[in-house]
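User: Please take a close look at a single helix in this model and walk me through what surrounds it.

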Amino acid sequence: MSLLGRSLRAAVCAFTVLCGSVAAVATAEAVPSCHPESRALRYVVAFDRGTSEAEARAAITGGCGSTTIYYPQIAVAVATSADRDFADLVRPAVAFSAQAERLAVHRANGTPSARSAPSRAELEPTDPAKVPSADRTGEQWDMRAIGADKAHPIERGSRDVVVGVLDSGVDEAHPDLTTALDPDKSAGCLTGAPDRNWAATTSAHGTHVAGIIAAADDGKGVTGVAPGVRIASVKVIDDRGYADPEAAVCGLMWAASQGMAVTNSSYFVDPSSLSCAHADERGVVNEVMARAVEYATSAGTLNVAAATNEAVGLVPSPRSGVRVRADGCQALPAGLRDVVAVSSVSAERVKAGYSSYGLSVIDVTAPGGEAGRCVLSTVPGGYAPLCGTSMAAPHVAGVAALLASAHPGYGARQLKRTLDAQATPIACPADYDLTGDGSQDAYCTGYAGFNGFYGHGMVDALAAVAPRVTGPNPAR
């Protein structure tokens, strides 16, 4: 049986029960003979809630694997195993390997394994002295669209607020980011356990996202939504562009452990592409992601996520302990209830053609741009425009950081409610024919105050920081 087939078989038990209790000790009779292959693969493993670390490690060892890390708060482990039957043997837990799934797909298609594909080119180290110093804030139409330029004289953000940039790594030498970046709170999560490998290596994506959130307001280059806050580089996207579930779980758990007020996730968790037809094993991914998001939220961390650039209608993803529905397109983490899901609009305040959407999924919208008018931000060595929901989400994360700065007592759920309440409503377009061929390119459902294209509307930085009038004399 293929690795993919074994993963399917491994997930047939419902998460509400997770197939029973884990044995505290793997007995001699229960320890199987192992069948190692040439390379070890990473797995994310969901146990019954309340499973101790000793029990989890014993189960993984009994399944011919080794434990990388165990998160007892959510009963999720990251393990490695070279055994072809690991997903069946680590019982009664449920395991999934994004690496194994990609390998199975490549074998089925007769194409080279992604594990042996050549790496992308390494980024050139940034020389701060060579970064252009011209003021380019006049090109930042996106900041004006959300009122960030008007918000800055009132509130630029507090150094007490940390935003986790869960992405491909941030360029620590970029002069617009060096003041904001906090190396002590940064971490690499590609193995599923936090380490110090958090810097950008092959991708400018994380650096671009970081600049939208917190680029310095210093009269040079660009300015972020919340230039006074700190950011942490939490590397969850690998050098081939994959955000595997174990990395995303690690990123969320690290952010919660470090007391970060906000995280930004401009990615979706899936081995290769957005899944619109969910097989059983994807339930493992939903379960571990839901547990991590729910835990981070309860710890006070608000999670903001991009709706993806797949131009599909999304359906909500279930909470932990609930079986994944078999129909519809789901994006993780954006589709989870506690996450602020962000769609993208053009400079004309119309949903970008690439932006995914969905009633009860999209919370708010923000500028992501369209071809010819993208979002200008930091990249290693300078500045560049990029388009996408990846650019829309950090605008919202930045506004959430301003809110957290202005209202330090707000928890994650109160931040989310306030973002929704302060957004400027955008009604569904009467005609969404972007190609001009006479047919609608997508269908917007809902009403002006809440719909599938824009959620509650355009995020509003000025509203987030404007002082409230509480008495008859606002001058006091």
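Analyst: Helices (H or I, at least four residues) and strands (E, at least two) are DSSP runs, numbered from the N terminus. This is a predicted model, in which local features need pLDDT of at least 70 and side-chain atom pairs count only at pLDDT 80 or more, while totals for chains, interfaces and linings use all residues. Residues are numbered from 1 along each chain as its sequence is written, and side-chain values use heavy atoms, with hydrogens and water left out.

The chain holds 12 helices and 15 strands, and of its 476 residues 57% are buried, where buried means under 20% relative accessible area, exposed over 50% and partly exposed in between (1.4 Å probe, protein chains only).

At the start of α4, a side-chain oxygen of Ser97 comes to within 3.4 Å of the backbone nitrogen of Gln99. Just after α4, Gly110 adopts a positive phi of about 70°.

Within α4, the buried residues include Ala98, Gln99, Ala100, Glu101, Arg102, Leu103 and Ala104. Arg102, which lies in helix α4, counts as buried because its relative accessibility is 9%. The side chain of Arg102 makes a polar contact with the side chain of Asp244 at 2.9 Å; a polar contact is a pair of N or O atoms within 3.5 Å, and within protein one must be able to donate a hydrogen and the other to accept it, with residues adjacent in sequence counting only if both atoms are side-chain atoms.
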